[in-house]
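Student: I would like to learn how to read the features of a model like this one, going from the general idea to the particular case. Could we take them one at a time?

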Amino acid sequence: MRPVYVAGTGLHPFGRFPDESLTAIGAGAVRAALAEAGVQRGGFQAAFCGCVYGGVASGHKVLTALGLSGVPMVNLEAGCASGGAALSLGATQIAAGVYDTVLVFGLEKMPRGMIRSSFFEPWREEAGLAATPGYFALRAQRLMFESDVTPQDLAQVSVKNHLQGVHNPNAMYRKAITAEEVLASPLVCEPLRLLMLCSPNEGAAAVVLSATPPAAGPAIRVAAVQLRSHLAGNVLGEHTPLCGIADDDVTPPTTMAAQAAYAEAGIGPDGIDVVELQDTDAAREILSAEELGLCPRGGGGKWVRDGGGEMRSRRPVNPSGGLLSKGEPLGASALGQVVELVWQLRGACGPRQVPSARVGLAHTVGRGANACVAILAR
(Lines give C-alpha, C1' and ligand atoms only; values in the text may rest on other atoms or scores of the structure.)
Protein backbone atom coordinates (compact mmCIF):
# COMPACT_ATOMS: atom_id res chain seq x y z
CA MET A 1 0.00 0.00 0.00
CA ARG A 2 1.26 3.50 -0.82
CA PRO A 3 1.70 6.24 1.79
CA VAL A 4 -1.03 8.89 1.90
CA TYR A 5 -0.09 12.55 2.42
CA VAL A 6 -2.16 15.59 3.29
CA ALA A 7 -1.43 18.08 0.52
CA GLY A 8 -3.87 20.82 1.51
CA THR A 9 -6.27 21.87 4.28
CA GLY A 10 -9.23 24.20 4.40
CA LEU A 11 -11.62 25.20 7.17
CA HIS A 12 -14.74 27.33 7.40
CA PRO A 13 -15.07 28.56 11.01
CA PHE A 14 -17.57 26.72 13.21
CA GLY A 15 -20.48 28.85 14.44
CA ARG A 16 -23.77 30.29 13.16
CA PHE A 17 -23.85 31.97 9.75
CA PRO A 18 -27.44 32.88 8.83
CA ASP A 19 -26.37 34.75 5.70
CA GLU A 20 -24.40 31.83 4.21
CA SER A 21 -25.89 28.78 2.52
CA LEU A 22 -24.63 25.28 3.22
CA THR A 23 -23.12 25.21 -0.26
CA ALA A 24 -21.27 28.47 0.32
CA ILE A 25 -19.90 27.23 3.65
CA GLY A 26 -18.63 24.04 2.03
CA ALA A 27 -17.21 25.89 -0.97
CA GLY A 28 -15.10 28.09 1.29
CA ALA A 29 -13.37 25.13 2.91
CA VAL A 30 -12.89 23.27 -0.40
CA ARG A 31 -11.50 26.34 -2.15
CA ALA A 32 -8.95 26.88 0.65
CA ALA A 33 -7.80 23.23 0.65
CA LEU A 34 -7.33 23.15 -3.12
CA ALA A 35 -5.45 26.46 -3.09
CA GLU A 36 -3.09 25.27 -0.36
CA ALA A 37 -2.43 22.05 -2.28
CA GLY A 38 -1.94 23.93 -5.55
CA VAL A 39 -4.65 21.80 -7.15
CA GLN A 40 -6.94 23.20 -9.82
CA ARG A 41 -9.78 21.82 -11.93
CA GLY A 42 -8.77 18.39 -13.20
CA GLY A 43 -6.16 18.03 -10.46
CA PHE A 44 -8.08 15.52 -8.35
CA GLN A 45 -9.68 12.31 -9.53
CA ALA A 46 -12.47 11.76 -6.95
CA ALA A 47 -14.26 13.48 -4.09
CA PHE A 48 -15.79 12.18 -0.85
CA CYS A 49 -18.15 14.33 1.22
CA GLY A 50 -19.52 13.82 4.73
CA CYS A 51 -22.85 15.48 5.64
CA VAL A 52 -25.87 14.55 7.77
CA TYR A 53 -28.51 17.29 7.65
CA GLY A 54 -27.75 18.78 4.22
CA GLY A 55 -30.15 16.72 2.16
CA VAL A 56 -29.49 14.93 -1.10
CA ALA A 57 -26.03 15.20 -2.71
CA SER A 58 -24.69 18.12 -0.68
CA GLY A 59 -21.19 17.45 -1.95
CA HIS A 60 -22.36 17.56 -5.56
CA LYS A 61 -23.86 20.99 -4.97
CA VAL A 62 -20.55 22.35 -3.62
CA LEU A 63 -18.42 21.04 -6.48
CA THR A 64 -20.99 22.14 -9.05
CA ALA A 65 -20.95 25.66 -7.63
CA LEU A 66 -17.16 25.69 -7.94
CA GLY A 67 -17.17 24.27 -11.47
CA LEU A 68 -15.37 21.15 -10.29
CA SER A 69 -17.92 18.46 -11.09
CA GLY A 70 -17.31 15.58 -13.45
CA VAL A 71 -15.22 13.40 -11.14
CA PRO A 72 -16.67 10.53 -9.10
CA MET A 73 -18.39 12.05 -6.06
CA VAL A 74 -19.57 10.06 -3.04
CA ASN A 75 -21.76 11.56 -0.31
CA LEU A 76 -21.54 9.82 3.07
CA GLU A 77 -23.56 9.88 6.27
CA ALA A 78 -22.20 8.18 9.38
CA GLY A 79 -23.43 10.47 12.16
CA CYS A 80 -20.69 12.33 13.99
CA ALA A 81 -18.10 10.18 12.17
CA SER A 82 -19.29 11.19 8.68
CA GLY A 83 -16.12 13.13 7.89
CA GLY A 84 -14.03 10.27 9.24
CA ALA A 85 -15.82 7.84 6.95
CA ALA A 86 -15.09 10.12 4.01
CA LEU A 87 -11.43 10.31 5.04
CA SER A 88 -11.26 6.53 5.31
CA LEU A 89 -12.59 6.03 1.79
CA GLY A 90 -10.36 8.73 0.29
CA ALA A 91 -7.20 7.47 1.99
CA THR A 92 -7.92 3.89 0.96
CA GLN A 93 -8.28 4.92 -2.69
CA ILE A 94 -4.88 6.65 -2.59
CA ALA A 95 -3.16 3.83 -0.69
CA ALA A 96 -4.51 1.22 -3.09
CA GLY A 97 -3.29 3.13 -6.12
CA VAL A 98 -6.77 3.75 -7.54
CA TYR A 99 -6.27 7.53 -7.54
CA ASP A 100 -3.26 9.83 -7.02
CA THR A 101 -5.13 12.82 -5.60
CA VAL A 102 -8.57 13.02 -3.97
CA LEU A 103 -10.62 15.71 -2.26
CA VAL A 104 -12.26 14.92 1.09
CA PHE A 105 -14.59 17.38 2.75
CA GLY A 106 -17.42 17.67 5.25
CA LEU A 107 -20.03 20.33 5.81
CA GLU A 108 -23.06 20.96 7.96
CA LYS A 109 -25.75 23.46 8.86
CA MET A 110 -27.38 22.02 11.96
CA PRO A 111 -30.94 22.86 13.00
CA ARG A 112 -31.16 24.91 16.16
CA GLY A 113 -32.14 23.30 19.44
CA MET A 114 -32.08 19.66 20.43
CA ILE A 115 -30.51 17.34 17.89
CA ARG A 116 -33.33 15.30 16.36
CA SER A 117 -33.01 12.38 14.00
CA SER A 118 -35.16 9.85 12.19
CA PHE A 119 -32.65 7.27 13.38
CA PHE A 120 -34.44 7.13 16.71
CA GLU A 121 -37.97 5.83 17.22
CA PRO A 122 -40.59 8.56 17.87
CA TRP A 123 -41.64 6.98 21.18
CA ARG A 124 -38.33 7.92 22.73
CA GLU A 125 -38.99 11.61 22.33
CA GLU A 126 -42.66 11.20 23.28
CA ALA A 127 -41.61 9.44 26.48
CA GLY A 128 -39.18 12.19 27.36
CA LEU A 129 -36.27 9.95 26.56
CA ALA A 130 -34.89 11.85 23.59
CA ALA A 131 -31.61 10.45 22.52
CA THR A 132 -29.96 13.76 23.22
CA PRO A 133 -29.35 15.06 25.82
CA GLY A 134 -31.23 12.49 27.92
CA TYR A 135 -29.06 9.68 26.66
CA PHE A 136 -25.88 11.68 27.26
CA ALA A 137 -27.01 12.24 30.85
CA LEU A 138 -27.75 8.57 31.50
CA ARG A 139 -24.35 7.67 30.10
CA ALA A 140 -22.73 10.25 32.36
CA GLN A 141 -24.60 8.88 35.38
CA ARG A 142 -23.39 5.38 34.54
CA LEU A 143 -19.82 6.64 34.26
CA MET A 144 -20.08 8.31 37.67
CA PHE A 145 -21.75 5.26 39.23
CA GLU A 146 -19.03 2.89 38.04
CA SER A 147 -16.04 5.13 38.85
CA ASP A 148 -15.09 8.09 41.00
CA VAL A 149 -15.94 10.76 38.39
CA THR A 150 -17.57 13.72 40.13
CA PRO A 151 -19.54 16.78 38.95
CA GLN A 152 -16.38 18.79 39.61
CA ASP A 153 -14.47 16.53 37.20
CA LEU A 154 -17.11 17.14 34.52
CA ALA A 155 -16.88 20.87 35.12
CA GLN A 156 -13.09 20.76 34.84
CA VAL A 157 -13.34 19.19 31.36
CA SER A 158 -15.44 22.15 30.21
CA VAL A 159 -13.06 24.61 31.87
CA LYS A 160 -10.07 23.02 30.10
CA ASN A 161 -11.60 22.95 26.63
CA HIS A 162 -13.01 26.47 26.82
CA LEU A 163 -9.64 27.77 28.02
CA GLN A 164 -7.88 26.07 25.12
CA GLY A 165 -10.49 27.37 22.67
CA VAL A 166 -9.67 30.97 23.56
CA HIS A 167 -6.74 30.77 21.14
CA ASN A 168 -8.68 29.19 18.26
CA PRO A 169 -10.02 31.86 15.87
CA ASN A 170 -12.26 29.25 14.22
CA ALA A 171 -14.08 28.27 17.44
CA MET A 172 -17.64 29.36 18.21
CA TYR A 173 -16.97 30.16 21.88
CA ARG A 174 -13.68 31.84 22.78
CA LYS A 175 -14.20 32.76 26.42
CA ALA A 176 -12.57 31.12 29.42
CA ILE A 177 -15.00 29.93 32.09
CA THR A 178 -14.61 28.80 35.70
CA ALA A 179 -15.74 25.57 37.32
CA GLU A 180 -18.10 27.63 39.46
CA GLU A 181 -19.72 29.08 36.33
CA VAL A 182 -20.09 25.61 34.81
CA LEU A 183 -21.69 24.17 37.95
CA ALA A 184 -24.00 27.18 38.27
CA SER A 185 -25.20 27.00 34.66
CA PRO A 186 -28.75 25.68 34.07
CA LEU A 187 -29.29 21.98 34.65
CA VAL A 188 -30.25 20.28 31.38
CA CYS A 189 -30.36 16.63 32.45
CA GLU A 190 -28.78 15.45 35.69
CA PRO A 191 -25.76 15.61 35.97
CA LEU A 192 -25.14 17.59 32.77
CA ARG A 193 -25.40 21.35 32.91
CA LEU A 194 -25.59 23.71 29.97
CA LEU A 195 -21.87 24.50 29.91
CA MET A 196 -21.04 20.78 29.90
CA LEU A 197 -22.72 20.27 26.50
CA CYS A 198 -21.52 21.22 23.03
CA SER A 199 -23.65 23.33 20.75
CA PRO A 200 -24.83 22.01 17.36
CA ASN A 201 -23.83 24.59 14.74
CA GLU A 202 -22.48 25.13 11.21
CA GLY A 203 -19.12 24.77 9.50
CA ALA A 204 -17.02 22.91 6.96
CA ALA A 205 -13.57 21.35 6.65
CA ALA A 206 -11.61 19.88 3.74
CA VAL A 207 -8.35 18.11 2.98
CA VAL A 208 -6.61 17.15 -0.25
CA LEU A 209 -4.98 13.73 -0.07
CA SER A 210 -2.12 12.79 -2.36
CA ALA A 211 0.24 9.91 -3.07
CA THR A 212 3.04 12.47 -3.40
CA PRO A 213 4.55 14.36 -0.44
CA PRO A 214 4.35 18.16 -0.70
CA ALA A 215 7.24 19.91 -2.44
CA ALA A 216 7.62 22.36 0.45
CA GLY A 217 7.03 22.16 4.18
CA PRO A 218 6.74 19.10 6.41
CA ALA A 219 5.11 15.97 4.97
CA ILE A 220 2.09 15.00 7.07
CA ARG A 221 1.06 11.40 6.49
CA VAL A 222 -2.23 9.63 7.22
CA ALA A 223 -0.66 6.77 9.17
CA ALA A 224 -3.99 5.08 9.91
CA VAL A 225 -7.70 5.63 9.63
CA GLN A 226 -10.17 3.06 10.91
CA LEU A 227 -13.96 3.07 11.08
CA ARG A 228 -15.94 0.67 13.25
CA SER A 229 -19.60 0.20 14.12
CA HIS A 230 -21.25 -1.17 17.25
CA LEU A 231 -21.56 -4.64 18.67
CA ALA A 232 -25.09 -5.15 19.94
CA GLY A 233 -25.83 -5.55 23.63
CA ASN A 234 -25.02 -2.33 25.50
CA VAL A 235 -28.09 -0.37 26.50
CA LEU A 236 -26.02 2.80 26.63
CA GLY A 237 -24.30 2.35 23.28
CA GLU A 238 -24.81 4.88 20.51
CA HIS A 239 -26.53 2.33 18.25
CA THR A 240 -29.85 1.96 20.09
CA PRO A 241 -29.56 4.23 23.10
CA LEU A 242 -32.05 3.66 25.93
CA CYS A 243 -33.24 0.40 24.41
CA GLY A 244 -31.85 -3.10 24.92
CA ILE A 245 -30.18 -5.12 27.64
CA ALA A 246 -27.20 -4.20 29.78
CA ASP A 247 -24.02 -6.04 28.87
CA ASP A 248 -20.88 -4.64 30.38
CA ASP A 249 -18.58 -6.90 28.37
CA VAL A 250 -19.36 -5.40 24.97
CA THR A 251 -16.32 -3.70 23.46
CA PRO A 252 -17.30 -0.14 22.42
CA PRO A 253 -16.74 0.86 18.78
CA THR A 254 -14.24 3.54 19.81
CA THR A 255 -12.00 0.91 21.38
CA MET A 256 -12.30 -1.34 18.33
CA ALA A 257 -11.42 1.53 15.98
CA ALA A 258 -8.54 2.66 18.21
CA GLN A 259 -7.02 -0.81 18.48
CA ALA A 260 -7.18 -1.22 14.70
CA ALA A 261 -5.67 2.23 14.13
CA TYR A 262 -2.85 1.64 16.62
CA ALA A 263 -2.06 -1.65 14.87
CA GLU A 264 -2.12 -0.04 11.43
CA ALA A 265 0.15 2.82 12.52
CA GLY A 266 2.43 0.54 14.50
CA ILE A 267 2.22 2.60 17.70
CA GLY A 268 0.25 2.65 20.92
CA PRO A 269 -1.34 5.42 22.96
CA ASP A 270 2.06 6.34 24.43
CA GLY A 271 3.26 7.24 20.92
CA ILE A 272 0.60 9.93 20.49
CA ASP A 273 1.60 13.57 21.12
CA VAL A 274 -1.73 15.36 20.66
CA VAL A 275 -5.37 14.24 20.58
CA GLU A 276 -8.60 15.69 19.23
CA LEU A 277 -11.45 13.55 20.58
CA GLN A 278 -15.23 13.46 20.78
CA ASP A 279 -16.46 15.70 23.60
CA THR A 280 -20.14 16.04 22.78
CA ASP A 281 -20.51 16.48 26.52
CA ALA A 282 -17.98 16.62 29.33
CA ALA A 283 -18.57 13.00 30.33
CA ARG A 284 -18.06 11.87 26.74
CA GLU A 285 -14.52 13.32 26.80
CA ILE A 286 -13.66 11.27 29.90
CA LEU A 287 -15.24 8.14 28.41
CA SER A 288 -13.45 8.74 25.09
CA ALA A 289 -10.11 9.04 26.88
CA GLU A 290 -10.72 5.72 28.61
CA GLU A 291 -11.91 3.95 25.45
CA LEU A 292 -8.91 5.24 23.47
CA GLY A 293 -6.50 3.96 26.11
CA LEU A 294 -5.27 7.41 27.10
CA CYS A 295 -5.96 6.47 30.74
CA PRO A 296 -7.03 3.24 32.47
CA ARG A 297 -10.66 2.16 32.22
CA GLY A 298 -12.37 3.59 35.31
CA GLY A 299 -9.49 6.01 35.80
CA GLY A 300 -10.98 8.97 33.95
CA GLY A 301 -11.74 10.95 37.10
CA LYS A 302 -8.17 10.70 38.33
CA TRP A 303 -6.96 11.53 34.81
CA VAL A 304 -8.87 14.81 34.94
CA ARG A 305 -7.75 15.66 38.49
CA ASP A 306 -4.12 14.97 37.52
CA GLY A 307 -4.35 17.48 34.69
CA GLY A 308 -4.77 14.91 31.91
CA GLY A 309 -5.37 16.52 28.54
CA GLU A 310 -4.29 19.99 29.64
CA MET A 311 -1.80 21.92 27.48
CA ARG A 312 0.89 21.44 30.11
CA SER A 313 0.40 17.67 30.15
CA ARG A 314 2.38 15.05 28.24
CA ARG A 315 -0.45 14.60 25.72
CA PRO A 316 -2.81 17.58 25.34
CA VAL A 317 -6.39 16.71 24.42
CA ASN A 318 -8.50 19.03 22.30
CA PRO A 319 -6.05 21.95 22.00
CA SER A 320 -8.54 23.39 19.49
CA GLY A 321 -11.06 23.73 22.32
CA GLY A 322 -12.90 20.59 21.24
CA LEU A 323 -16.57 20.49 20.42
CA LEU A 324 -17.38 22.16 23.75
CA SER A 325 -15.66 25.30 22.49
CA LYS A 326 -16.01 24.98 18.71
CA GLY A 327 -19.54 23.54 18.58
CA GLU A 328 -20.39 20.49 16.49
CA PRO A 329 -21.42 20.59 12.84
CA LEU A 330 -21.77 16.82 12.45
CA GLY A 331 -20.55 16.35 8.89
CA ALA A 332 -17.56 18.65 9.40
CA SER A 333 -16.44 17.80 12.93
CA ALA A 334 -14.15 14.83 12.14
CA LEU A 335 -12.35 16.62 9.32
CA GLY A 336 -12.13 19.73 11.48
CA GLN A 337 -10.13 17.61 13.91
CA VAL A 338 -7.88 16.37 11.09
CA VAL A 339 -7.23 19.92 9.87
CA GLU A 340 -6.32 20.97 13.43
CA LEU A 341 -3.90 18.06 13.76
CA VAL A 342 -2.23 18.83 10.42
CA TRP A 343 -1.69 22.40 11.59
CA GLN A 344 -0.37 21.11 14.95
CA LEU A 345 2.10 18.77 13.23
CA ARG A 346 3.24 21.62 11.01
CA GLY A 347 3.84 23.73 14.11
CA ALA A 348 1.43 26.36 12.81
CA CYS A 349 -1.02 26.75 15.72
CA GLY A 350 0.46 29.77 17.44
CA PRO A 351 -0.64 30.20 21.09
CA ARG A 352 -2.37 26.79 21.16
CA GLN A 353 0.60 24.92 19.63
CA VAL A 354 1.56 21.62 21.25
CA PRO A 355 5.38 21.70 21.46
CA SER A 356 7.25 19.18 19.26
CA ALA A 357 4.07 17.39 18.17
CA ARG A 358 4.83 14.69 15.59
CA VAL A 359 1.93 12.23 15.93
CA GLY A 360 -1.73 13.16 16.38
CA LEU A 361 -4.94 11.18 16.89
CA ALA A 362 -8.45 12.25 15.83
CA HIS A 363 -11.54 10.50 17.22
CA THR A 364 -15.24 10.79 16.54
CA VAL A 365 -18.17 8.63 17.61
CA GLY A 366 -21.87 9.21 17.38
CA ARG A 367 -25.22 8.23 16.03
CA GLY A 368 -25.41 4.70 14.73
CA ALA A 369 -22.40 3.91 16.88
CA ASN A 370 -20.02 4.78 14.08
CA ALA A 371 -16.57 5.45 15.51
CA CYS A 372 -13.55 6.66 13.57
CA VAL A 373 -9.95 6.94 14.72
CA ALA A 374 -7.36 8.55 12.45
CA ILE A 375 -3.65 8.85 13.23
CA LEU A 376 -1.52 11.43 11.45
CA ALA A 377 2.27 11.52 11.58
CA ARG A 378 5.00 13.90 10.54
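**Salt bridges across the chain**

Tutor: D100 and R2 form a salt bridge, with their closest N and O atoms 3.0 Å apart. D100 lies in the loop between α3 (82-95) and β4 (101-109) while R2 sits in the segment before β1, so the pair ties together parts that are 98 residues apart in sequence. Please keep in mind throughout that this is a predicted model.

Student: What is the general idea behind such a pair, and how many salt bridges does a search of the whole structure find?

Tutor: Side chains of opposite charge can pair when their charged atoms come close. In this structure the search finds 16 salt bridges. As for the pair we began with, D100 counts as partly exposed at 41% relative accessibility, and R2 also counts as partly exposed, at 30%.

Student: Which parts of the chain are tied together by the salt bridge of E36 and R346?

Tutor: The side chains of E36 and R346 meet at 2.8 Å, N to O. E36 belongs to helix α1 (residues 22-37) and R346 to helix α12, so this bridge ties together parts that are 310 residues apart in sequence. E36 is partly exposed, with a relative accessible area of 38%, and R346 counts as partly exposed at 26%.

Student: Is the pair of K160 and E285 buried or exposed?

Tutor: K160 is buried, and E285 is buried as well. Their salt bridge has its closest N and O atoms 2.9 Å apart, and it links distant parts of the chain, with K160 in helix α6 (residues 151-165) and E285 in helix α9 (residues 282-291), 125 residues apart. Elsewhere, salt bridges that share partners join R16, K109 and E202 into one network.

Student: How should I read a charged residue without such a partner, and what is the nearest side chain of opposite charge to R315?

Tutor: R315 is buried yet has no salt bridge, the nearest side chain of opposite charge being D270, at 4.1 Å. The cut-off matters in this case, because a salt bridge requires the nitrogen and the carboxyl oxygen to be within 4 Å. A polar atom of the R315 side chain does, however, lie 3.1 Å from the backbone oxygen of L294. R315 is placed in the loop between α10 (300-305) and α11 (322-326), and, leaving aside neighbours within four places in sequence, its contacts include P269, D270, I272, D273 and L294.

**Helices and their ends**

Student: What should I look for in a helix, and how many residues of α9 are buried?

Tutor: An α-helix has 3.6 residues a turn, so residues three or four places apart point the same way. In α9, ten of its ten residues are buried, among them the charged residues R284, E285, E290 and E291. At the start of α9, a side-chain oxygen of D281 reaches to within 2.9 Å of the backbone nitrogen of A283, and after the helix comes G293, whose phi is positive, near 85°.

Student: What span should helix α12 have?

Tutor: At 1.5 Å a residue, the 17 residues of α12 (residues 330-346) should span 24 Å, and the end C-alpha atoms are 26 Å apart, which agrees. Of the 17 residues of α12, 16 are buried, and just after this helix G347 takes a positive phi of about 75°.

**Backbone angles and aromatic rings**

Student: Where do residues other than glycine have a positive phi, as N318 does?

Tutor: N318, with a phi of about 55°, is in the loop between α10 and α11, and it is buried, with a relative accessible area of 0%. S356 also has a positive phi, near 60°, and lies in the loop between α12 and β10 (359-366), but S356 is exposed, with a relative accessible area of 68%. A further backbone feature is the cis peptide bond from E190 to P191, with omega near 5°; P191 is found in the loop between β5 (187-189) and β6 (192-193).

Student: How is a pair of aromatic rings described, and which residues form one here?

Tutor: Such a pair is described by the distance of the centres and the angle of the planes. The structure holds one aromatic pair: Y135 and F136 are tilted, at 5.8 Å centre to centre with 50° between the planes. Both Y135 and F136 are buried.

Note on methods. Residues numbered from 1 in each chain as written. Predicted model: local features only at pLDDT ≥ 70, side-chain atom pairs only at ≥ 80, totals over all residues. Heavy atoms only, no water. Helix = DSSP H or I, 4+ residues; strand = E, 2+ residues; numbered from the N terminus. Buried < 20%, exposed > 50% of the residue type's maximum accessible area, 1.4 Å probe, protein only. Polar contact = N/O pair within 3.5 Å; in protein donor to acceptor, adjacent residues only side chain to side chain. Contact = heavy atoms within 4.5 Å. Phe/Tyr/Trp six-rings, centres within 6.5 Å; stacked < 30°, edge-to-face > 60°. Expected span 1.5 Å × (residues − 1).
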